[in-house]
Amino acid sequence: MGKKSTTLATIGYESADLDDFLATLARCGVTRVIDIREIAISRRRGFAKSALSSALLNSGIDYVHLRGLGDPKEGRLAARSGDYFRFERVFHQHMKTDAAQRDLRTAAILAAEGGACLLCFERDYRTCHRTIVAQALSKIVPLTIRNLGVSAGLAKQSQSERLLAFA
């Protein structure tokens with residue numbers, strides 16, 4: 001008999017509002033965000049490492065940054081220019097490094113506990129390294145991968161629903 005599969009979510013915050021991002025995670029049952037950006041800084045308000053980890057903790061969601069699973073600069077530049085063949089080649093090569101393998105093992109342990117979500121910037125999971133990381137994790141532990149999208153306006157909708165519940 002095989003092991004039971006756990007769901008691993010992935011999400012990108014490109015163009016997202018922090019409140020909608022948090023509401024999406026809450027609605028989807030995410031209990032831990034695994035940040036796999038190489039450099040956890042952002043021009044988007046609330047998505048730099050310290051601000052994001054604080055916002056997540058205030059929402060009851062754990063935060064872990066695994067830099068070793070981040071896309072190196074050469075891969076990011078290739079993806080940004082639309083050269084996905086080169087991007088994938090660079091990232092697959094990066095996944096062979098000691099840092100990536102160490103953080104992949106850590107991510108596998110966290111993912112197996114359930115409620116985990118891989119985080120990166122790109123909205124489209126099909127052109128983001130988080131898909132490659134999720135696929136690598138699914139070879140270590142039985143996972144069902146669920147790609148989330150931030151629902152614009154969800155935070156206000158959730159607030160309205162809570163107010164109606166108490167009316």
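**Helix packing in a predicted model**

Guide: This is a predicted model, in which local features need pLDDT of at least 70, side-chain atom pairs count only at pLDDT 80 or more, and totals for chains, interfaces and linings use all residues. Residues are numbered from 1 along each chain as its sequence is written, and side-chain values use heavy atoms, with hydrogens and water left out.

Visitor: What covers the buried residues of helix 3?

Guide: Helices here are DSSP runs (H or I, at least four residues), numbered from the N terminus. Helix 3 spans residues 73-80, and G75, A78 and A79 are buried (under 20% relative accessible area with a 1.4 Å probe, protein chains only; exposed is over 50%, partly exposed in between). Seen down the axis, these buried residues fall within an arc of 100 degrees, so they line one face of the helix (the arc is that of the directions from the helix axis to the C-beta atoms). Their cover includes helix 4 (84-94).

Visitor: Which residues are exposed on the other side of helix 3?

Guide: The buried set of helix 3 consists of G75, A78 and A79. On the other side, the exposed residues are K73 and R80.

Visitor: What is the handedness of the crossing of helix 1 and helix 2?

Guide: Helix 1 (residues 18-27) and helix 2 (residues 49-58) pack at an angle of about 45 degrees, with their axes 11 Å apart. Axes are lines fitted to C-alpha atoms, for helices over the stretch in contact (heavy atoms within 4.5 Å), and angles run from 0 to 180 degrees between N-to-C directions. A crossing counts as left-handed if the near helix is turned anticlockwise from the far one by less than a right angle, and as right-handed if clockwise. The crossing of helix 1 and helix 2 is right-handed.

Key
Helix = DSSP H or I, 4+ residues; strand = E, 2+ residues; numbered from the N terminus.
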